[in-house]
Structures are given as C-alpha cells and as structure tokens.
Amino acid sequence: MKKKIALICTAVVLVAAIAVGGTLALLTDSTDKVQNTFTVGKGISIDLKEPAWDGVDFGGNTSTASEDLGENLAQNFVPSRVIPKDPTVKNISETDEVWIAVKLDVGYQLNEDGTTYKVTGKDALDKIQDFAQIDWNAGWEAKDADGNSLVYYYKTKVAAGAETANLFSEVAINNDANEQGMDNFKIDVTAYAVQAENVEYEAAKTALDNLMTQVGA
C-alpha cells in the first residue's frame, strides 16, 4: 500500500514537472502590428465652365477681351455672327474617375412678358438649328439617335483633375438667318457625374439618366 501511494505521488510529481518544463521550453515569436485602415472616399465633384462665353476658366479669369466673349456677342445678334460658347466639365474630385453627362435647357422666342419662352426642349433646339449651326464634339454621344439631343454623354472616363472636351465651341448664326425666322433663344447647360470605378459606360448612362430625373433639372 505504501509502495502504491509512493508511486502515485512520484507519478504526479513527474507529470507536474513535465508540464512546467514543457511550458518553459516553447519557442515563441510575434510580429509588428500591420495597419489595415479602410477609409471612406470623399466623394466625387465636378465643375462646369464656359470660358469663351463669360471669360471664366477653371483657374480664374481668362485673357479674352470683353467684346469677344459669347455673352456679349449673343446680345442683339445678326446673321453671320459667330457666338463663342464652349461648355466644358472638369472632374475636381481628389482621386476618383467619373462618367459625365450634360443636359441642355433650351428655349426659343420669349413671350411678351420677357421671362418665359414659347417653345422649350427639343422642339426649341430644332427651331434654333433652322437658323444657327452648332457643331457637337465627337467625344460626346447624343442620347437621341438623330444626334440632336438635350442630353449628351461623355464617352470617356474623366480622371481626377482632368477635363472633358467642350460639348461644342460656338453657335454660328446662318448667313440667311433672317429668312429662317431667327428670334431670341437660350441654351443653358447643367453637368452631372457618377463614379467610374466598377461602372461600365452603358450602366453609367442609365445612372446619369436617373440622376437627372432625381435632381429634376
């Protein structure tokens, strides 16, 4: 009996010794902490300028003489006059590429009150182009198949800090504009953008259309 107890005690001591000895004998190591921070993008941002129209470019004022600006030549225009107007959009986002579209707000012939146009939209654009030429830049795609559209998509992704080609550069009044019934008109422009990362061109056009509807311009 004493031998059994002695053997049990000896076994317990050996097990404890092995356990302690095993813990102390483990090889150990560790690494420095790796920083894995995920940051939310600051969003996209665009700017629209018409330097040939009003003399203001993306960096400030241009050197265009006042008498050569489109906004001045558009006043009391006559046949054969070329009126500079060059809608251009810049991606002023810090890092993100974007897809860009523009929408035109067109009106033809003011009502007597001088504030409301009698014809607006695509009908107005058609009427204006009866007596004036607008040469659309090939870098833009018209939404309407006939190429005469109120909506144009820029066909190339625009990198951060980059600009589109201008949508058009001038409105040239025809030599025989009097015979075509020229009258007062307006062509206002609004630009829209959606992110380009993981978005293909056709999907971007749909997203831009939805954005225009949401904004309601």
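This is a predicted model: local features need pLDDT of at least 70, side-chain atom pairs count only at pLDDT 80 or more; totals for chains, interfaces and linings use all residues.
How exposed is lysine 155, by its relative accessible area? Lysine 155 is partly exposed, at 41%.

1. **Lysine 155 and its loop.** Lysine 155 is found in the loop between strand E10 (151–154) and E11. The C-alpha atoms of lysine 155 and glycine 139 are 6.0 Å apart in space. In sequence, 16 residues separate the two.

2. **A sheet of three strands.** Strand E11 also belongs to an open sheet. The sheet has 3 strands, in the order E4-E11-E8, and the pairing is antiparallel. Strand E4 (82–84) and strand E8 (132–134) are the edge strands. Each has a single partner strand, so one side of each has no neighbour in the sheet. On average, neighbouring strands here are turned by 20° against each other, direction ignored.

3. **Inside the sheet: E4 and E11.** Follow this pair on the structure. E4 and strand E11 (residues 170–173) pair over 3 bridges, in the antiparallel sense. Isoleucine 83 stands opposite valine 171, and valine 171 is in E11.

4. **Salt bridges overall.** How many salt bridges does a search of the whole structure find? The search finds 8.

5. **Lysine 205 and glutamate 141.** These two residues form a salt bridge, and their closest N and O atoms are 3.3 Å apart. Why is the pair worth a look, in terms of sequence? Lysine 205 lies in helix H5 (residues 201–215), while glutamate 141 lies in strand E9 (residues 140–142). The pair therefore ties together parts that are 64 residues apart in sequence. Lysine 205 is buried, with a relative accessible area of 11%. The cut-off for buried is under 20%. Glutamate 141 is partly exposed, with 27%.

6. **Lysine 49 and aspartate 47.** The side chains of lysine 49 and aspartate 47 also meet in a salt bridge. The distance is 3.9 Å, N to O. Lysine 49 is partly exposed, at 22% relative accessible area. Aspartate 47 is partly exposed as well, at 26%.

7. **A network of salt bridges.** Which residues are linked in a network of salt bridges? They are Asp105, Lys186 and Asp188. Take the bridge between aspartate 188 and lysine 186. The closest N and O atoms of that pair are 3.8 Å apart. Aspartate 188 is partly exposed, with a relative accessible area of 39%. For lysine 186 the value is 23%, again partly exposed.

8. **The largest pocket.** The largest pocket has a volume of about 360 Å³. It is lined by 16 residues. Closest to the centre of the pocket are Trp53, Ala74, Gln75, Phe185 and Lys186. Strand E12 (residues 185–195) gives the largest share of the lining, 4 residues. What is the lining of the largest pocket by class? It has 9 nonpolar, 3 polar and 4 charged residues.

9. **Residue to revisit.** Go back to lysine 186 on the structure. Lysine 186 is among the residues closest to the centre of the largest pocket. Lysine 186 is also part of the salt-bridge network with Asp105 and Asp188.

Methods. Residues are numbered from 1 along each chain as its sequence is written. Side-chain values use heavy atoms; hydrogens and water are left out. On a 1 Å grid over the protein atoms alone, a cavity is a set of points where a 1.4 Å probe fits but cannot get out, and a pocket is an open set with protein on both sides within 12 Å along at least five of seven lines; lining residues have an atom within 4 Å of a point. Grid points are joined across faces, edges and corners, and a volume is the space filled by probe spheres set on the points. Helices (H or I, at least four residues) and strands (E, at least two) are DSSP runs, numbered from the N terminus. Ala, Val, Leu, Ile, Met, Phe, Trp, Tyr, Cys and Pro count as nonpolar, Asp, Glu, Lys and Arg as charged, and the others, Gly among them, as polar. Two strands pair if DSSP finds at least two bridges between them. Axes are lines fitted to C-alpha atoms, for helices over the stretch in contact, and angles run from 0 to 180 degrees between N-to-C directions. A salt bridge is a side-chain nitrogen of Lys or Arg within 4 Å of a carboxyl oxygen of Asp or Glu. Buried means under 20% relative accessible area, exposed over 50%, partly exposed in between (1.4 Å probe, protein chains only).
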